[in-house]
Amino acid sequence: DGLARSDASSFSIGNKGYLVCGYDGKNCLSDLWEYDMDRDSWTQKANFPGTARNSAVAMTVDSKGYFGTGYDRVNRLNDFWEYDPATNTWTQKADFPGTARYGAVAFGVSGKAYIGCGDDGNYLKDFYRFNPNAAAGKQWEIVNGFGGYKRWYGTAFVIDDVAYVCCGQNNNTLVDDLWKFDGDNWTQLRDIANTNSDDDYDDDYAIARLGTVSFVIDGRGYIATGTRSGVTSDYWVYDPGEDLWYGDSDDDYTPLTSVHNVSSGGSSRAYAVSFSTGKRGFVLTGASGTSYFDDVYELLPYEQEDVD
């Protein structure tokens with residue numbers, strides 16, 4: 001029943017997905033909605049009590065949602081909040097210590113929340129760690145070692161408590177690096193585009209983009225939708241054991257030679273959000289030009305499409 005929107009934020013706890021804030025084409029929003037993935041039903045929850053905004057980040061740590069940064073159409077923001085679904089309450093936490101920004105990247109690993117990159121008037125590549133169990137005044141610390149490009153509107157997914165960061169844009173150029181972070185160390189992986197190396201992908205691989213979403217199904221990472229030269233509806237699959245991307249998730253895992261489109265008539269879009277249980281993945285909301293969406297799609301990666 002909520003408004004169609006883009007640039008919202010999302011986090012998942014168990015079989016519930018949470019959609020918060022965003023932009024409907026006229027106004028920033030502050031509502032919070034809970035999606036029951038088993039029942040395919042929505043329930044409105046306590047509105048976010050801070051400034052309405054879009055392009056914020058959200059992540060899950062120890063069965064609670066965390067939300068912060070963003071843009072209220074005038075100012076970049078650096079406040080940080082905790083949502084407890086057990087009590088349906090929001091609590092403001094210590095402000096994010098980096099510069100106020102939007103279009104950042106975030107994830108939760110090993111009981112801690114991480115925020116980095118984004119735009120504060122310039123593109124950024126710094127990362128910070130939030131420990132919800134640390135003493136007041138000591139919950140935030142800077143995390144060094146990320147050697148990737150500066151970026152905004154990148155994405156991150158977590159497999160076996162390891163985060164993978166990719167995509168986004170730096171100075172009007174789509175970035176093509178891929179990094180993983182295990183809570184202690186950053187490691188660069190194969191680039192996601194043709195960078196004239198024996199260890200990257202050929203020109204058929206159109207993985208690099210911004211405003212994409214990511215989720216995990218059965219130990220593999222998925223990115224879907226986003227914008228390159230225009231909005232897209234394709235998805236790509238990452239196998240961390242092989243450090244390889246595929247466009248199709250059947251048992252043979254044949255590398256893609258053409259775009260694999262989202263089925264069932266899903267519109268191309270960017271700045272959507274995603275939910276994931278680790279076994280199921282959903283894509284919802286987003287925008288294409290001046291069109292804003294409120295539909296929800298679940299990817300069923302093992303079902304075969306009929307191809308003419």
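This is a predicted model: local features need pLDDT of at least 70, side-chain atom pairs count only at pLDDT 80 or more; totals for chains, interfaces and linings use all residues.

Student: What makes G14 exposed rather than buried?

Tutor: Exposed means over 50% relative accessible area. G14 has 55%, so G14 counts as exposed. Its place is in the loop between β1 and β2 (16-23). In space, G14 and S63 are 7.9 Å apart, C-alpha to C-alpha, although 49 residues separate them in sequence.

Student: Why are β1 and β4 called edge strands?

Tutor: They belong to an open sheet of four strands, in the order β1-β2-β3-β4, with antiparallel pairing. β1 (9-13) and β4 (41-45) each pair on one side only, and that makes them the edge strands. The twist from one strand to the next averages 25°.

Student: What makes β14 largely enclosed?

Tutor: A residue is buried if it is under 20% relative accessible area. Five of the five residues of β14 are buried, so the strand is largely enclosed by the rest of the structure. Both faces are covered: V162, Y164 and C166 are buried on one side, A163 and V165 on the other.

Student: Which strands does β14 pair with, and over how many bridges?

Tutor: β13 and β14 pair in the antiparallel sense over five bridges, and I159 stands opposite V162 in β14. These two strands form a hairpin with two residues between them, and D160 in the turn has a positive phi of about 50°. β14 also pairs in the antiparallel sense with strand β17 (residues 178-181), over four bridges; here Y164 stands opposite K180 in β17.

Student: Why is a group of residues called a nonpolar core?

Tutor: The name applies because its members are buried nonpolar residues joined through side-chain atoms within 4.5 Å. The largest such core has 18 residues, and F157, Y164, L178, I223 and W245 have the most contacts inside it. β13 (155-159), β14 (162-166) and β21 (235-239) give two or more residues to this core; β14 gives the most, with three. A second, separate core of 14 residues includes V105, F107, F146 and A163. In soluble globular proteins, nonpolar side chains tend to be buried together.

Student: How many residues line the largest pocket, and of which classes?

Tutor: The lining has 48 residues, of which S10, A58, A106, A156 and S214 lie nearest the centre. By class, 24 are nonpolar, 20 polar and four charged. The volume of the pocket is about 1000 Å³. Elements that give two or more residues to the lining are β1, β5 (57-61), β9 (105-109), β13, β19 (213-217) and β23 (273-276).

Notes:
Residues are numbered from 1 along each chain as its sequence is written. Side-chain values use heavy atoms; hydrogens and water are left out. Two strands pair if DSSP finds at least two bridges between them. Axes are lines fitted to C-alpha atoms, for helices over the stretch in contact, and angles run from 0 to 180 degrees between N-to-C directions. Buried means under 20% relative accessible area, exposed over 50%, partly exposed in between (1.4 Å probe, protein chains only). On a 1 Å grid over the protein atoms alone, a cavity is a set of points where a 1.4 Å probe fits but cannot get out, and a pocket is an open set with protein on both sides within 12 Å along at least five of seven lines; lining residues have an atom within 4 Å of a point. Grid points are joined across faces, edges and corners, and a volume is the space filled by probe spheres set on the points. Ala, Val, Leu, Ile, Met, Phe, Trp, Tyr, Cys and Pro count as nonpolar, Asp, Glu, Lys and Arg as charged, and the others, Gly among them, as polar.
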